[in-house]
Amino acid sequence: MCPTPDTAALPFTTQLDLSRDAAGLAPCIALVGCDGSGKSTLTRDLTALLARRAPTRSMYLGLGTGDLGRRIGRLPIVGGLTERYLTAKAGKAHSAHSKRLPGIVTALAIFAFSLARRWRFARVLAFRRRGIQVITDRYPQAELPGGFDGPGLSWTRRGSPLVERLAAQERAMYQDMATYRPTLVIRLNVDVDTAIARKADHTRPLLEKKLAIMPLLQFNGAPIVDIDATRPYAEVLANILALFPFEVLL
């Protein structure tokens, strides 16, 4: 049996409207949070449960660089070296202390990942236009550069003219995506020890930085509800389902 949701602890008092918005788009519920907060599992389970009532699809809107690096790392001979190279480049992209944009090769790789995210985001819009509600794992933001579901190339830094143009184009891409506000952002909160316990292959400093940045993101003014994701999974799921204006049987 699923535990009774702690609705009194949920700072969301307006009933969630699951009708189409003014632009004719079906609802989009975005799950955001640090690695280890349970986004992927919750996206899968929410999609399956809500699909019992209405057409529902899920979509991953992250970059997928971490999983790609881990898959490359398992390749024989060159895998470990290539993974370390990608990890170092990703670390530089997330570093706020770097004064300049990366070189053209790294910039093109970052831009290509953003293009892939834009393609997945276009699929989300296509589903919503067809009346299919979407649950997303992550959601793009245009508020903070340097990763964290925002532009990977910081437009405030200097670099070669070509890389600066790529940064400007990437920024415009994210600004366009951010204009489509999700119906609701569910922010899954964990502490760094919980995140490390669940994602032992992640570095503590990067997780700490993600945890610090996540509360700052406003997702273009979309409604946001905070969920304590350190609680047992069944309780977290029940608290999220309590946000919906109908009963969902587990």
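**Buried aromatic residues, nonpolar cores and a surface patch**

F121 counts as buried, with a relative accessibility of 0% (buried means under 20% relative accessible area, exposed over 50%, and partly exposed in between, with a 1.4 Å probe and protein chains only). The model is predicted: local features need pLDDT of at least 70 and side-chain atom pairs pLDDT 80 or more, while totals for chains, interfaces and linings use all residues. Residues are numbered from 1 along each chain as its sequence is written, and side-chain values use heavy atoms, with hydrogens and water left out.

The protein contains 8 helices and 5 strands (DSSP runs numbered from the N terminus, with helices being H or I of at least four residues and strands E of at least two). Along the sequence these follow the pattern β-α-β-α-α-α-β-α-β-α-α-β-α. Of its 250 residues, 42% count as buried.

A search of the whole structure finds 2 aromatic pairs (rings of Phe, Tyr and Trp, the last by its six-membered ring, pair if their centres lie within 6.5 Å; planes under 30 degrees apart count as stacked, over 60 as edge-to-face and the rest as tilted). The ring centres of F121 and Y139 are 5.7 Å apart and the planes stand at 75°, so this pair is edge-to-face. Because F121 lies in helix α4 and Y139 in the loop between β3 (133–137) and α5, the pair ties together parts 18 residues apart in sequence. Y139 is also buried, at 2% relative accessible area. Ring pairs link F121, Y139 and Y180 into a cluster.

Y139 is among the residues with the most contacts inside the largest nonpolar core, together with L153, V185 and F219; this core has 32 residues (a nonpolar core is a set of buried Ala, Val, Leu, Ile, Met, Phe, Trp, Tyr and Cys residues joined through side-chain atoms within 4.5 Å). At least two of its residues come from each of β1 (28–33), α4 and α5 (161–178), and the largest share, 7 residues, comes from α4. Another core, of 25 residues, lies apart from it and includes L31, V225, V236 and I240.

Helix α4 (residues 104–129) also gives the largest share, 3 residues, of a nonpolar surface patch. I104, V105, L108 and L162 make up this patch, which covers about 340 Å². L108, in helix α4, counts as partly exposed because its relative accessibility is 45%. Patch residues have over 30% relative accessible area and no salt bridge; like charges are joined within 9 Å and nonpolar side chains (Val, Leu, Ile, Met, Phe, Trp, Tyr) within 5 Å. A salt bridge is a side-chain nitrogen of Lys or Arg within 4 Å of a carboxyl oxygen of Asp or Glu.

Notes: Accessible areas come from the Shrake-Rupley method with a 1.4 Å probe; for residues, only the protein chains shown count as cover.
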